[in-house]
Amino acid sequence: NNLNCEQETKSFDSVMVVNTLKKHQISYSVHEISTAELSHTIHPFLLLPTDSAPIVARRSGERYEHLTLSANQPQWQALAPESLTVTGHVITIDALPSAKSGAHAFAAHMSKRTKWYKPVFWLSLLSSLTGLAVPLFTMAVYDRVIGGQAPEVLPSLALGAILAVTILISSRLARASILSSTSNRFARDLSNITFRRLLSMPLIVLSRVGLTNHLARIRNAEKVRTLLSGPSGAGLIDLPFTSIALVTIALLSGWLVLVPLVMLLLFYLVMKAVKRYTQAATPTISSEYQNASNDLAKQLLQLKISGDTQGWNTKFSRLCKEHCRQNFLYSKRNGLTGAIAHAMSLTTALVTVFTGIFLVLNQNISPGALIACVMLIWRITGPAQLAFSSSQKITMMDSAIKQFDRFMEAGTEHNELRLDVPDTTQAPEVSFKHLTLRYSADVEPALSGISFDVASGEIVAIIGPNGCGKTSLLQTAIGILDAQAGYISVNGKNLKQYDPQSFRQWAGFNSAQPDLFPGSLADNLRIAKPDATDEELFQALDNAGASTLFASLNNDLNVDLFAQGQSILTDIEGSYICLARALLKNSTYLVLDEPIANQNPYARHAFINMLNRIRGKATVLFTTHDQTLIQQADKVVILDKGAVVYAGPLPDQAETSPSKATMQESNANG
Ligand SMILES: Nc1ncnc2c1ncn2[C@@H]1O[C@H](COP(=O)(O)OP(=O)(O)OP(=O)(O)O)[C@@H](O)[C@H]1O
């Protein structure tokens, strides 16, 4: 609307758009253009291609449309697929300004999907109507064929019944297939959206929330699948259609319909009470039991070494016993619920039969109508029973949806306009300006007022005792941690101006904790550079001092590092591969956390050679406790309790550096 009404916005630029969005409190994200990102949008978005004019577009199912103004009237027209493969940025709208809008993220995402509920409605209606065939057929046989002595109508009645039953079965099958594919698609979409969101959240928020919660979030999506699929899903959908059976009973037997209605009400009240009784026995020890089992499995070696496993045995047996007791009680009460529900269904049928007999004797209804009514009763109590047994699932789903909505309200790294792309060809100058970082409000800052400069092509060793903030500083230097105060400038620009994705694609980072992913050696390396050739992988492994390790893996890049689901490498071996991954990028900005932590002389030698080769061509920040590596740096920064106590050349630099100075000079000269 603003585009259409405000003349000035016809020549908008990205900053103006973002200011407008901020003014209207519309939360937005900025990403590089990619269909993967856009396939989850629920509101229109703005494409900002690098080489052409901006486009306002939106997603409509699997297709995309763009806004055109013809005679000042906005119109949506199909967007050429090429428009989504160009380079540039896209501003997507996360949530609309109303305070409540964020709370409906789930509904908004789902409404963008195919309209599955329309065919499900029509198929359910069809199957409910054709489901009347068998009771009505029985009634006709009883009243007309047997009672009315008219056997000639039997073939046509039978044909009609067979046709109706065939339609019933086909519509049920078609509905089951739509429901299972819809529930699968829901689960898949929600998992994808959740995973993307997790990846785009700031690291500090992620580490605060913890791994278990992230896993729980992704599993939440799975819960959606269970609601719609299976017999309980069908029961829930059939519930509103039981009214068709009720109307038929009313038409066949008049006020006899009151019997199932009253029984349904009774059914509801009894089941509500029973459910409360069952829920009171919900096991509370499950997570404690699970954690203890996990701990035990992880600590087997330590337990065996310690020799004294008695304490663990006692603890585990106690947990096991309590876990079984709670589960037994819960299953017992669940069994009771099932039995009561079944008894209530039987009672409903019996009460209907007994009441109906008087109507038959008074000749108010035919015996055939009574039989049909009793058969129809099962079509009411069945779905009611299923729906009731699913009530716990519905509560679970409801909380899963609320959790999803809250999760989608959390801010991400993309909620700011970060369009700058780093110059990947030159070694950057980096300045840390009064950087302060706290992991949470109640702990001492991990970094407090850090300031120092790194010249282009300089190699800097960051040293200090454990816990002094080295890792925190490096993670801030590549923008995965956000300082609360101060900033980092890279080539004169605040790091937060750079597109986070482009920045991290450029910077080579090695974490102190080796992190290998399931897959082959090549897969693990190509995460950093998907198009790397085998030659580049060999070179990176060599530079990281991993040649001996590689030889022990039969020089095979395709060796699976996770045979039988377990990493076949130790942490130290893994750390070589992670270092190789960082070096593979051949980046002009390397940030390496304890690159050769185990001080293996061969690896150290390879690393020093590598440093000498790139000296002057890349800016390198690394942390270490290794004296020999510290000697290689052009500058050292000593940290203590999160503050810089010294930043400058090594005190004996003058004596040790001539070779480095010569190397730097010759590298700079090409
Ligand atoms: N995710 C986190 N949550 C809370 N506190 C953290 C987190 N990571 C680090 N810290 C704390 O911040 C401080 C600095 O930790 P950091 O890991 O940056 O130090 P370090 O010098 O790299 O230590 P080391 O040499 O042992 O790797 C420490 O007190 C640490 O306990």
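This is a predicted model: local features need pLDDT of at least 70, side-chain atom pairs count only at pLDDT 80 or more; totals for chains, interfaces and linings use all residues.
View 1. Residues are numbered from 1 along each chain as its sequence is written. Helices (H or I, at least four residues) and strands (E, at least two) are DSSP runs, numbered from the N terminus. Within H21, which spans residues 534–543, the buried residues are Leu537, Ala540, Leu541 and Asn543. They cover an arc of only 160° around the axis, so they lie on the same side of H21; the arc is that of the directions from the helix axis to the C-beta atoms. After H21 comes Gly545, with a positive phi near 75°.

**View 2. Thr570 sits in a loop.** The loop in question runs between H22 and H23. Is Thr570 buried or exposed? Thr570 is exposed, because 11 other C-beta atoms lie within 10 Å. Look for Pro514 too: Thr570 and Pro514 are 56 residues apart in sequence, yet 9.5 Å apart in space, C-alpha to C-alpha.

**View 3. Six strands form an open sheet.** Follow the strands in the order S1-S6-S2-S3-S4-S5, with antiparallel pairing; two strands pair if DSSP finds at least two bridges between them. At the edges are S1 (27–32) and S5 (73–78), each of which pairs on one side only. S4 (residues 63–70) and S5 run antiparallel and are joined by six bridges.

**View 4. Helix H11 buries one face.** The twelve residues of H11 (242–253) reach 16 Å from the first C-alpha to the last, close to the 16 Å expected at 1.5 Å a residue; the expected span is 1.5 Å times one less than the number of residues. Which residues of H11 are buried? They are Thr242, Ala245, Thr248, Ile249, Leu252 and Ser253. Seen down the axis of H11, these buried residues fall within an arc of 115°, so they line one face of the helix. Ser243, Val247 and Leu251 are exposed on the other side of H11. Next comes Gly254, which follows H11 and has a positive phi near 65°.

Terms used:
A residue is buried if 20 or more other C-beta atoms lie within 10 Å of its own, exposed if 12 or fewer, and partly exposed in between; C-beta atoms are placed from the backbone.
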